[in-house]
Amino acid sequence: MEVGYLELAVGSILISNVVLAKFLGLCPFFGVSRRTSDAVGMGLAVIFVMSIASAATALIYRHLLLPTNLEHTNLLGVLGLPVPEGGYVLILKTISFILVIAGLVQFVEMVLKKSAPALYRALGIYLPLITTNCAVMGMALLNTEAWRDPANGLPVHLATVNGFCGGVGFLLAMLLMSGIRQRLAERRVPKALQGLPIAFISAGLMALAFMGFTKLFGIAV
Amino acid sequence: MSLLKELTDKPIKHNPVFVLVLGLCPTLAVTTSVKNGVAMAAAATAVLVCANILISLIRRFIPNQIRIACYIVVIAGFVTMVEIAMKAIAPEAINMALGIFIPLIVVNCIILGRAEAFASKHGPLASLMDGLGIGVGFLLALVAISLVREVLGAGTLWGYRLTPVAVGHTTVIPQYVPMTVLGMAPGAFIVIGLLFGLFYWAGNRRRDAARLVAVPAVPQVARDFPKPKKTPAQRPSEPRPSEPRP
């Protein structure tokens, strides 16, 4: 049975939030969450890149790496090139994904610079950081195995939606965290816990709150 | 001599997790049990050492503008090797537990960070030592976190039950009820936050002790000492030695 859009959205934003349940993208979560404006900029940049990267990697996974089956065809096989038994998944998945994501980020940066200078000024400084943001790569990897179908991975359109929703979940977590940290900055905190430790503990309490969404609407992730 | 210093200095003074604040994602995700933590540290160290050596060997041939891309390709190659090796060697349960975090070593900032900060400037032998030192530091951090989470969260250590299982309704020792939340996502954040606090507290104490010893050596003994609280170094707003790099 195919997964619905709403199911994906609730699952990726609330139930298994990228940051608070999947532990992806923690470096920007703690590094860029001091000011709300930075947090929003980073979150928007991640939404943007994650959607595109999810689409591109899902396309590659289903039509270049996996062997042909009922659900999808391997383009290399169509061209008459040899495709091994299990496809190229084991050898080429990691390398192809990271190269595609790195190339894509460069490309998006160049296109934005030329065509949308205003957007580039807003997101520009965050884009290079996203190449090594494990949230984007992690979402691409999760798309290949999540949602009940580890053999095929999500189809391209669902993977794109999932990437977008994962980005929205990241933005939500960043926004909440930046609010908490601005409050924390004005409070008296024991000396040893100032800065990062208290941020981690607050994130833990947030994750505890997000655990309340488990099995929301009966959706199992 | 200095090579040995690279190795011995790194695990504590330049601990990748607690001092450099790098590689947080696997640190939080896989530390549900000591076994997983050790497996993750071993995989990451293998990639780190190999990538460090190779990058240091080819550092003169890499053009400066595309160096990050080159590092990523080298690292991705080694990650793929480790991935395949883990599938062959490690038990199924560990592979399941580490899941996507083995391929995610490719974007682990520890490895890219060491390539950029160390291997691209030093020889292969020093880079090997640096990789080993940082790897041991990563192992220590993961073991520390997973020890707390496994013992308190599941009541086991390395998979063995520490507390007696109740037989009927009577046990000699009152049965330990595991704090399951420590094994889940919130527990990871809270445990690492508290350990960070402990690390800072120990660091502060050492700094204060060093200052107390150093003060009498200063020539202006006769002058009034400024109250310790007013010295800029002791203000709470003092910048932390490390903040995560995105």
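1. Helices here are DSSP runs of H or I with at least four residues, numbered from the N terminus. This is a predicted model, in which local features need pLDDT of at least 70 and side-chain atom pairs count only at pLDDT 80 or more, while totals for chains, interfaces and linings use all residues. Residues are numbered from 1 along each chain as its sequence is written, and chains are lettered from A in the order in which they are written.

2. Helix α3 (residues 36-65) and helix α9 (residues 156-185) of chain A have axes that come within 8 Å and cross at roughly 160 degrees. Axes are lines fitted to C-alpha atoms, for helices over the stretch in contact, and angles run from 0 to 180 degrees between N-to-C directions. The two helices are therefore roughly antiparallel (angles over 145 degrees; under 35 is roughly parallel, 65 to 115 roughly perpendicular and the rest oblique). Their contact divides into 20 nonpolar residues, 11 polar and one charged. Asp, Glu, Lys and Arg count as charged, Ala, Val, Leu, Ile, Met, Phe, Trp, Tyr, Cys and Pro as nonpolar, and the others, Gly among them, as polar.

3. Helix α9(A) also packs with α8(A), at an angle of about 140 degrees and with the axes 10 Å apart. That makes α8(A) oblique to α9(A). On the α8(A) side, A135(A), M139(A) and N143(A) meet A159(A), N162(A), G163(A), G166(A) and F170(A) of α9(A); contact means C-beta atoms, placed from the backbone, within 7 Å. This contact divides into four nonpolar, four polar and no charged residues.

4. Which residues touch the most other members of the largest nonpolar core? Of its 132 residues, they are V49(A), V136(A), M137(A), V47(B), A51(B) and I75(B). Such a core is a set of buried Ala, Val, Leu, Ile, Met, Phe, Trp, Tyr and Cys residues joined through C-beta atoms within 7 Å, with buried meaning 20 or more other C-beta atoms within 10 Å of a residue's own. Helix α3(A) gives the largest share, 15 residues. Leaving aside neighbours within four places in sequence, V136(A) is in contact with V49(A), M50(A), A53(A), I101(A) and I130(A).

5. Between the chains, 39 residues of chain A are in contact with 38 of chain B. Helix α10(A) gives the most to the chain A side, with nine residues. That side divides into 30 nonpolar, seven polar and two charged residues.

Conventions: Two residues are in contact if their C-beta atoms, placed from the backbone, lie within 7 Å. A residue is buried if 20 or more other C-beta atoms lie within 10 Å of its own, exposed if 12 or fewer, and partly exposed in between; C-beta atoms are placed from the backbone.
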